[in-house]
Amino acid sequence: MSMTDLLHAEDIKKAVGAFTAVDSFDHKKFFQMVGLKKKSPEDVKKVFHILDKDKSGFIEEEELGFILKGFSPDARDLSVKETKTLMAAGDKDGDGKIGADEFSTLVAES
């Protein structure tokens with residue numbers, strides 16, 4: 001399954017394009033623009049599993065830096081600052097990684 005099976009390619013393109021400047025990434029706006037906010041909890045979990053590249057059941061900080069590439073291969077990497085901000089927003093239990101439930105909560109709060 002790919003991201004375009006779950007989200008519209010045009011929405012992905014627009015959302016990724018809106019945050020091309022370094023340190024401009026806003027996960028709340030991004031999740032809304034990409035259409036994730038309107039998806040069912042099951043679809044949000046499917047998106048999580050696509051982003052969980054090593055299939056560990058968690059998105060670790062290293063994977064989080066490449067989150068935009070999960071939506072579009074030619075997207076940029078997040079800066080260290082953006083990655084840390086996103087991790088802080090998503091990591092509710094403080095274990096240094098984001099699980100599927102935490103990701104769902106992060107999207108729901110957007």
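**Entry 1**

I began with Phe71, which counts as buried at 5% relative accessibility. A reminder to myself: this is a predicted model, and I read everything below with that in mind.

Next I looked up aromatic pairs, and the count came to seven. For one of them, Phe30 with Phe71, the ring centres are 4.9 Å apart and the planes stand at 80 degrees, so I noted the pair as edge-to-face. The angle has to be over 60 degrees for that label.

Where do Phe30 and Phe71 lie? I found Phe30 in helix 3 (residues 27-33) and Phe71 in helix 6 (residues 67-71), so this pair ties together parts that are 41 residues apart in sequence. Phe30 is buried too, with a relative accessible area of 1%.

I then checked which rings go together as a group. One aromatic cluster is formed by Phe19, Phe25, Phe30, Phe31, Phe48, Phe71 and Phe103.

While on the subject of rings, I also looked at Phe58. The charged end of Lys97 sits over the ring of Phe58, 4.3 Å from the ring's centre.

**Entry 1: helix 4**

Which residues of helix 4 are buried? I listed Asp43, Val44, Val47, Phe48, Ile50 and Leu51 for this helix, which covers residues 41-51. These residues span an arc of only 160 degrees around the axis, which puts them on the same side of helix 4.

What covers the buried residues of helix 4? My list includes helix 1 (3-6), strand 1 (58-60), helix 5 (61-64), helix 6, strand 2 (97-99) and helix 8 (100-108).

At 19% relative accessibility Asp43 counts as buried, because the cut-off is under 20%.

**Entry 2: helix 8**

I asked the same thing of helix 8. Its buried residues are Ala100, Glu102, Phe103, Leu106 and Val107. They cover an arc of only 160 degrees around the axis, so they are on the same side of helix 8. On the other side of helix 8, I found Asp101 and Ala108 exposed.

What do the buried residues of helix 8 pack against? I wrote down helix 3, helix 4, strand 1, helix 7 (80-90) and strand 2.

His27 is in helix 3. Is His27 buried or exposed? It is buried, with a relative accessible area of 13%. Skipping residues up to four places away in sequence, I saw His27 touch Leu86, Ala89, Leu106 and Ser110. I checked Glu82 as well: His27 and Glu82 are 55 residues apart in sequence and 9.3 Å apart in space, C-alpha to C-alpha.

Then I moved over to Ser110, in the segment after helix 8. Ser110 counts as buried at 11% relative accessibility. Its contacts, leaving aside neighbours within four places in sequence, are His27, Lys28, Phe31, Gln32 and Lys37.

**Entry 3: looking for empty space**

Rolling a probe the size of a water molecule over the atoms shows where empty space is left. I counted one cavity of 30 Å³ or more. The largest cavity has a volume of about 30 Å³. Which residues line the largest cavity? I noted Leu51, Lys53, Ile59, Glu63, Leu64, Phe66 and Ile67.

Notes. Residues numbered from 1 in each chain as written. Predicted model: local features only at pLDDT ≥ 70, side-chain atom pairs only at ≥ 80, totals over all residues. Heavy atoms only, no water. Phe/Tyr/Trp six-rings, centres within 6.5 Å; stacked < 30°, edge-to-face > 60°. Helix = DSSP H or I, 4+ residues; strand = E, 2+ residues; numbered from the N terminus. Buried < 20%, exposed > 50% of the residue type's maximum accessible area, 1.4 Å probe, protein only. Lys NZ or Arg CZ within 6 Å of the ring centre and 35° of its normal. Contact = heavy atoms within 4.5 Å. Arc of directions from axis to C-beta. 1 Å grid on protein atoms, 1.4 Å probe; cavity = no way out; pocket = protein on both sides within 12 Å on 5 of 7 lines; lining within 4 Å. Points joined across faces, edges and corners; volume = space filled by probe spheres on them.
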